[in-house]
Amino acid sequence: MTDILDDLAWRGLIAQSTDLDELRAMLAAGPVTLYCGFDPTAPSLHLGNLVQLLTLRRFQLAGHRTIGLVGGATGLIGDPSGKSAERTLNSQEVVAGWVERIREQVSRFLSLSDDKGMIVSNLDWTGPMSAIEFLRDVGKHFPVNRMLARDMVRNRLETTGLSYTEFSYMLLQSLDYLELYRRYDCRLQTGGSDQWGNLASGVDLIRRAEGATAHALTTPLVTRADGTKFGKTAGGETYWLDPSLTTPYAFYQFWLNADDRDVVRFLKFFSFRSREEIEELEKATGERPAARLAQRALAEELTTLVHGEDETAKVIAASRALFGQGELGELDERTLESALASVPSAEVSAPLPSVVDLLAETKLVGSKSEARRTIAQGGAYVNNVKVTDEAAVPSTSDLLHGRFLVLRRGKRNVGGVTVS
């Protein structure tokens, strides 16, 4: 059972640890109970949460017992880590709804049984606790001078300020660790490296309150080689795990479009493939980068893990069909609509404009004259059928599902038209 640390180290997934040698010895002695927390600050988890979800899964596959904690209490407060200003507090009703949605998402990644894993909400023990109990039983163990010395606290105090509400977040998260230690003998908490102060405080609280040893282990924050933020679109929008917020097609395309400089690191972070398989994909990326074998393997594995095999098969079919390698007519309406939402698009009304106008409307070309040249050179397609007449106008019978057209310029530039 020590292999999990060796695997995490090879994958570059260990950023900080309280005592790695001591943790290794504890893991070698038998199954260990560990947990990671997820706050309901939105109606869905996002790509940034995947590292923690998959780290829990790795420990579980290595034979350890995992607890996914959904922050029904801490989600009402808000973690100040990484925030330059006070969070907007959501209502209890909103947070309760998000708790259930995130509980369901976390459950997809873990086997849930008494000896393998469970999901809990910290509102179960924080809600019944009075303010006096909290201050006497928890607050007395936290020296204020040490809390003020934290970089995050000091930065906020020197800039926008910090309310007692967010200042107390560290105590609430530490209480979670103490409570899980008492209830389930939980001895390890995992999280992102930006959470190190909170994790270490929980370890310290267990030592002060119970005289016991516990551990914390963080993973590094994921970055992209080009400097853009991981898990965000070019416009700054978040990639969510909920298919109603980010379509499976867009999710698949995120991984498929990974930079060659990032893809091997992403495979190590997110894939459950073996070291040998990943090294083979790394070699293929170096020798045949245009084939994008590593990106395709990563996109298929992660989309299957998050959205299931059926959805993955649909988005792969859509991805191929959009670029002329499959039958557009075989795509169901929802999949086609989500695919076209990820490409340059235009909305028009009947009667349908000419292909020249549509190419310009979708911005696949810079002007109508360029559209005419594209047709003349044999590079324009409607629903994967080459257009040869510069005066061509699509008919209503060309509409896919009665309202869509797929335009293409050359092999790689795709646009969508929706007819209202």
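**Entry 1: the model.** I worked from a predicted model.

**Entry 2: helices α13 and α15.** I examined helix α13, residues 260-270, against helix α15, residues 293-307. Their axes come within 10 Å and cross at roughly 35°. I noted the crossing of α13 past α15 as left-handed. I then listed the residues that make the contact: α13 supplies Asp-260, Val-263, Phe-266, Leu-267 and Phe-270, while α15 supplies Ala-294, Gln-295, Leu-298 and Leu-302. By class, I recorded 7 nonpolar residues, 1 polar and 1 charged in this contact.

**Entry 3: burial of strand β11.** I next turned to strand β11, which spans residues 413-419. Of its 7 residues, 5 are buried, so the rest of the structure largely encloses β11. For this step I took buried to mean under 20% relative accessible area.

**Entry 4: partners of β11.** Which way do β7 and β11 run, parallel or antiparallel? I found strand β7, residues 345-348, parallel to β11 and joined to it by 4 bridges. Strand β10, residues 404-409, runs antiparallel to β11, with 6 bridges between them. For Phe-404, I recorded Thr-418 in β11 as the bridge partner.

Notes. Residues are numbered from 1 along each chain as its sequence is written. This is a predicted model: local features need pLDDT of at least 70, side-chain atom pairs count only at pLDDT 80 or more; totals for chains, interfaces and linings use all residues. Side-chain values use heavy atoms; hydrogens and water are left out. Axes are lines fitted to C-alpha atoms, for helices over the stretch in contact, and angles run from 0 to 180 degrees between N-to-C directions. Helices (H or I, at least four residues) and strands (E, at least two) are DSSP runs, numbered from the N terminus. A crossing is left-handed if the near helix is turned anticlockwise from the far one by less than a right angle, and right-handed if clockwise. Contact means heavy atoms within 4.5 Å. Ala, Val, Leu, Ile, Met, Phe, Trp, Tyr, Cys and Pro count as nonpolar, Asp, Glu, Lys and Arg as charged, and the others, Gly among them, as polar. Buried means under 20% relative accessible area, exposed over 50%, partly exposed in between (1.4 Å probe, protein chains only). Two strands pair if DSSP finds at least two bridges between them.
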